[in-house]
Amino acid sequence: MLRFPHLTSPKGLTGPKQHTALTAAAALAVLAVGTPVAYATLGDDAPSASQSATSAGAARGKAYIETRLFFGTERPDGGPDVTDRQFLAFIDEEVTPRFPNGLTIQDGRGQWRDSHGAIERERSYVLTLLYPASAARVRDVQIERIRNAYEKAYAQDSVARIEERTTADF
């Protein structure tokens, strides 16, 4: 039988309330003690969920890099917003020649805090590029040229860039 000397009946607590409080405390104590035992029985031989997912992913596809670029449409210099037509022309001239195998464009809504502390919101585009990891060095230079061209053409402070390693299968 487990004893819990640190659990004592508070003043004025008698009958069913006392029993309920002690039962709940005992159940929590048993769970806390039993939990490490349950995990310990798994041992080192059982793969973790992340190891299983990684193993399954490694069996399919090849190593790729997914790069996402976030293009704002408002101009900090006060000029007119970048239109859909202008953005698609930019894609045709600057992106497609560098990534002719394919790309994805999504409409977005961006938000950030400017240098004066004000929250700014604007329509935006998210461009997703997927390419073999073995081509990362060459693609890095091309992506930076795309970012710089957009910043210059539309007076943007920046074009955000996110990259993730992944696997892809076509």
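This is a predicted model: local features need pLDDT of at least 70, side-chain atom pairs count only at pLDDT 80 or more; totals for chains, interfaces and linings use all residues.
Reader: What makes Phe-90 count as buried?

Author: Its relative accessibility is 5%. The cut-off for buried is under 20%, so Phe-90 counts as buried.

Reader: Which other residues of helix H3 are buried?

Author: Helix H3 covers residues 84–95, and its buried residues are Phe-87, Phe-90, Ile-91 and Val-95.

Reader: How do you know that they are on the same side of H3?

Author: Around the axis they cover an arc of only 100°, and that puts them on the same side of H3. In general, an α-helix has 3.6 residues a turn, so residues three or four places apart point the same way.

Reader: Which exposed residues does the face of H3 turned away from the buried side carry?

Author: That face carries Arg-85, Asp-92 and Glu-93.

Reader: What covers the buried residues of H3?

Author: The cover includes strands E1 (62–72), E2 (104–113) and E3 (119–132), together with helix H4 (136–153).

Reader: How do H3 and H4 cross?

Author: Their axes come within 11 Å and cross at roughly 140°. The crossing is right-handed. On the H3 side the contact is made by Phe-87, Phe-90, Glu-94 and Val-95, and on the H4 side by Ile-146, Ala-149 and Tyr-150.

Reader: Why is the pair of Phe-90 and Tyr-150 called edge-to-face?

Author: The ring centres are 5.1 Å apart, and the angle between the planes is 75°. Tyr-150 is buried, with a relative accessible area of 0%. Phe-90 and Tyr-150 also belong to one aromatic cluster with Phe-71, Phe-87, Tyr-125 and Tyr-154.

Reader: How many aromatic pairs does the structure hold?

Author: There are eleven. One of them is formed by Tyr-64 and Phe-170, edge-to-face at 5.7 Å centre to centre and 65° between the planes. Tyr-64 is in strand E1 and Phe-170 in the segment after strand E4 (160–168), 106 residues apart.

Reader: Are Tyr-64 and Phe-170 buried or exposed?

Author: Tyr-64 has a relative accessible area of 14% and is buried. For Phe-170 the value is 78%; the cut-off for exposed is over 50%, so Phe-170 is exposed.

Notes:
Residues are numbered from 1 along each chain as its sequence is written. Side-chain values use heavy atoms; hydrogens and water are left out. Buried means under 20% relative accessible area, exposed over 50%, partly exposed in between (1.4 Å probe, protein chains only). Helices (H or I, at least four residues) and strands (E, at least two) are DSSP runs, numbered from the N terminus. The arc is that of the directions from the helix axis to the C-beta atoms. Contact means heavy atoms within 4.5 Å. Rings of Phe, Tyr and Trp (its six-membered ring) pair if their centres lie within 6.5 Å; planes under 30 degrees apart count as stacked, over 60 as edge-to-face and the rest as tilted. Axes are lines fitted to C-alpha atoms, for helices over the stretch in contact, and angles run from 0 to 180 degrees between N-to-C directions. A crossing is left-handed if the near helix is turned anticlockwise from the far one by less than a right angle, and right-handed if clockwise.
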